[in-house]
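I set out to look up a handful of places in this model and to note what each of them shows. The entries below follow the order in which I went through them.

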Amino acid sequence: MSITLGTPLALPCGVIIPNRLGKSAMTEGLADADDAPTPAHQTLYQQWSDGGCGLLITGNVMVDKRYLERAGNVVLENDSSMNALINWVRAGTRQDNQLWMQISHPGRQCPRLVNKEPLSPSTEQLKLAGNFACPQAMTEAQILDAIQRFATSARLAKQAGFTGVQVHCAHGYLISQFLSPITNKRTDRWGGSLENRARFALEIISAVRTAVGPEFPVAVKLNSADFQKGGFSLDECVQVAGWLSDLGIDLLEISGGTYEQLSLFGAEPDDMRESTRKREAYFIEYATAIREVAKVPVMVTGGFRSRDVMENAVANGEVDLVGLARPLCVDPELPNKLLNAEIDHLPCQEDMLVLGSGWLGNKSTITLVQVINTVGQIGFYYWQIIRLSRGLPPQPKIGVLSSFLRHTFNDLKLNLRRVK
Ligand SMILES: Cc1cc2nc3c(=O)[nH]c(=O)nc-3n(C[C@H](O)[C@H](O)[C@H](O)COP(=O)(O)O)c2cc1C
């Protein structure tokens, strides 16, 4: 029998995802001044649960209050916000879909406004318009502490009723910094060979698995590559994926890129394969290589926009789950429309947003237009999330400049609120 978007997926731990559509993580920025979830999370996730995805993955929840990806992140390091978490779960599972919490540590990708002394494997600074301070190289004790924090957050997520967790090992955040030779210059057991660079990720997964037990879904989001010269490569990803599958993870989500190279959004690095450029779902061909080694269900996220591409990808066995993010901010009902074959193409706002050319990246000169363009494009989706969380319809006509301004002011406000 051929696999369709509506076919349930059984995971190694025994849990079943009711269909092949997964909402990928999107940072919400909706936490209160104490970094706890709010009723806004409930309003937002009710709509995404009703929208029909078999799997919803939350935006990144931080394992350490001192280091955030942005102000407005939920932090989970103790049970002080348990009631708010339970309410979030209730809203986000009302259609009996899976709701997994993404847990993360930003490492050096922690804005200066949040912390002027971020952590990283080494002291390699992220030079993006002065927004990120030079990190401290983590001590052995700080590394062991971070590993335990992931386990604690996973245990608390399970206690609150989340039906799984995803460990964020992609996009240049802390675990991805350990994996990449560009950001990991250590000479101890946490750096150097791939085995050593992957140790942090593998120890986290083992600690998380111990914390949640064998029957609870544990997933990983991993870069197929960083797409930077000298960075984490596809060959290395294939090897790490094999080690992760040996540890018994339940789902591997494939993405790519970092803050310096935004391939996750389809920004094209010089060394991206020509065949990949032409593909709508730009990481699929990497998934094929990974699947040959890693015997674990795979979700690919990034650029899926046509129903026939999604249907073919699951029918051909290229992916087990189709990951979707940006389109769900402009229409949370899209998964039902796809499952009922009511639409052929998802709205594709990213094409009409570009102001001038180019994403912000690790370039020697960064222009104001690149900053506005990049922050504005992402700010566009942040704004749609805010609207949905207030029970308002999306506002797709808003332009990149006003998205940039709205996000900049909102971000400042969220940061000021945390300074007590
Ligand atoms: C507003 C926004 C917030 C995001 N936040 C996260 C996040 O918290 N964690 C994560 O792993 N990816 C995050 N992403 C990346 C998405 O999960 C996804 O990988 C990317 O948008 C590509 O998928 P798409 O083409 O379907 O949008 C975010 C993307 C957007 C647009």
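**Entry 1: two loop aspartates.** I began with Asp-96, which sits in the loop between helix 2 (82–92) and strand 6 (98–104); here helices (H or I, at least four residues) and strands (E, at least two) are DSSP runs, numbered from the N terminus. I note that this is a predicted model, in which local features need pLDDT of at least 70, side-chain atom pairs count only at pLDDT 80 or more, and totals for chains, interfaces and linings use all residues. Residues are numbered from 1 along each chain as its sequence is written.

Asp-96 has a phi near 60°, a positive value in a residue other than glycine. Most residues other than glycine have a negative phi. Is Asp-96 buried or exposed? Asp-96 is exposed, because 9 other C-beta atoms lie within 10 Å; the scheme calls a residue buried if 20 or more other C-beta atoms lie within 10 Å of its own, exposed if 12 or fewer, and partly exposed in between, with C-beta atoms placed from the backbone.

I then turned to Asp-35, which also has a positive phi, of about 65°, although it is not a glycine. Asp-35 belongs to the loop between strand 3 (21–23) and helix 1 (39–50), and it is buried, with 20 other C-beta atoms within 10 Å.

**Entry 2: the chain as a whole.** I counted 15 helices and 13 strands in the chain. Its radius of gyration is 20 Å, close to the 22 Å that the globule rule gives for 420 residues, so the chain is as compact as a globular protein of that length; the radius is taken over C-alpha atoms, and the rule is 2.2 Å times the number of residues to the power 0.38. Along its principal axes the C-alpha trace spans about 50 × 50 × 45 Å, and 53% of the 420 residues count as buried. Of the contacts with a separation of 6 or more, 71% are made by residues 24 or more positions apart, a contact being two residues whose C-beta atoms, placed from the backbone, lie within 7 Å.

**Entry 3: the nonpolar core.** The largest nonpolar core has 122 residues, of which Phe-150, Val-165, Ala-201, Ile-204, Val-208, Leu-252 and Val-319 touch the most other members; such a core is a set of buried Ala, Val, Leu, Ile, Met, Phe, Trp, Tyr and Cys residues joined through C-beta atoms within 7 Å.

Entry 4: In helix 9 (residues 284–293) I found Ile-284, Tyr-286, Ala-287, Ile-290 and Arg-291 buried. Seen down the axis of helix 9, these buried residues fall within an arc of 140°, so they line one face of the helix; the arc is that of the directions from the helix axis to the C-beta atoms. They pack against helix 7 (234–246), strand 11 (251–255), strand 12 (298–301) and helix 10 (307–315).

In helix 10, Met-310, Ala-313 and Val-314 are buried, and, seen down its axis, they fall within an arc of 90°, so they line one face of that helix. Among the elements covering them are helix 9, strand 13 (321–324) and helix 12 (334–339). Helix 10 is followed by Gly-317, whose phi is positive, near 75°.

**Entry 5: the ligand shell and helix 14.** Of the 24 residues around the ligand, Ser-24, Ala-25, Asn-60, Ala-325 and Arg-326 come nearest; a residue is near if its C-beta atom, placed from the backbone, lies within 6 Å of the molecule. Which element gives the largest share of the shell? Helix 14 does, with three residues.

Tyr-381 lies in helix 14 and counts as buried, with 24 C-beta neighbours inside 10 Å. Not counting residues up to four places away in sequence, Tyr-381 touches Met-26, Arg-326 and Cys-329. Arg-387 is also found in helix 14 (residues 368–389), but it is partly exposed, with 17 other C-beta atoms within 10 Å. With the same exclusion, Arg-387 touches Leu-392, Pro-393, Pro-394 and Gln-395.
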